[in-house]
Amino acid sequence: MAKARKDHRGRALRKGEIQRKDKTYMYTYTDPYGKRRYICE
């Protein structure tokens, strides 16, 4: 079984969620039309 990906605080990241080098989060998903979308926080 693979280990969970974690952020800099040790929190497990969900599918499609990444933490960038500037410690902000980015979530990637596909909309109903098949286009890739991003949300950055």
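Aspartate 7 is buried, because its relative accessibility is 7% and the cut-off for buried is under 20%. The model described here is a predicted one.

Two arginines reach aspartate 7. The side chain of arginine 9 meets the side chain of aspartate 7 in a salt bridge, at 3.9 Å from N to O. Arginine 11 also forms a salt bridge with aspartate 7, and here the N to O distance is 3.5 Å. Side chains of opposite charge can pair when their charged atoms come close.

## The two arginines

Arginine 9 has a relative accessible area of 60%, so it counts as exposed. Arginine 11 has 34%, so it counts as partly exposed.

The pairing goes further. A network of salt bridges links Asp7, Arg9, Arg11 and Glu17.

## Salt bridges in the whole structure

A search of the whole structure finds four salt bridges. Among them is the one between arginine 37 and aspartate 31. Their closest N and O atoms are 3.1 Å apart.

How accessible are these two residues? Aspartate 31 is at 12% relative accessibility and therefore counts as buried. Arginine 37 is at 34% and therefore counts as partly exposed.

## Tyrosine 29 in strand E2

Tyrosine 29 lies in strand E2, which covers residues 25-30. Is this tyrosine buried, exposed or partly exposed? Its relative accessibility is 33%, so tyrosine 29 counts as partly exposed. That value falls between the cut-offs, because buried means under 20% and exposed means over 50%.

Which residues does tyrosine 29 touch, leaving aside neighbours within four places in sequence? Tyrosine 29 is in contact with Lys35, Arg36, Arg37 and Ile39. One of these contacts, Arg37, is also the salt-bridge partner of aspartate 31.

Alanine 4 gives a sense of distance. Tyrosine 29 and alanine 4 are 25 residues apart in sequence. In space, their C-alpha atoms are 19 Å apart.

## A nonpolar patch on the surface

Tyrosine 29 is also part of a surface patch. This nonpolar patch is formed by Tyr27, Tyr29 and Ile39. Together these residues have about 260 Å² of accessible area. Ile39 belongs to the patch, and Ile39 is also in contact with tyrosine 29.

Key
Residues numbered from 1 in each chain as written. Predicted model: local features only at pLDDT ≥ 70, side-chain atom pairs only at ≥ 80, totals over all residues. Heavy atoms only, no water. Helix = DSSP H or I, 4+ residues; strand = E, 2+ residues; numbered from the N terminus. Buried < 20%, exposed > 50% of the residue type's maximum accessible area, 1.4 Å probe, protein only. Contact = heavy atoms within 4.5 Å. Patch = residues over 30% accessible without salt bridge, like charges linked within 9 Å, V, L, I, M, F, W, Y side chains within 5 Å. Areas by Shrake-Rupley, 256 points an atom, 1.4 Å probe, with all protein chains shown as cover.
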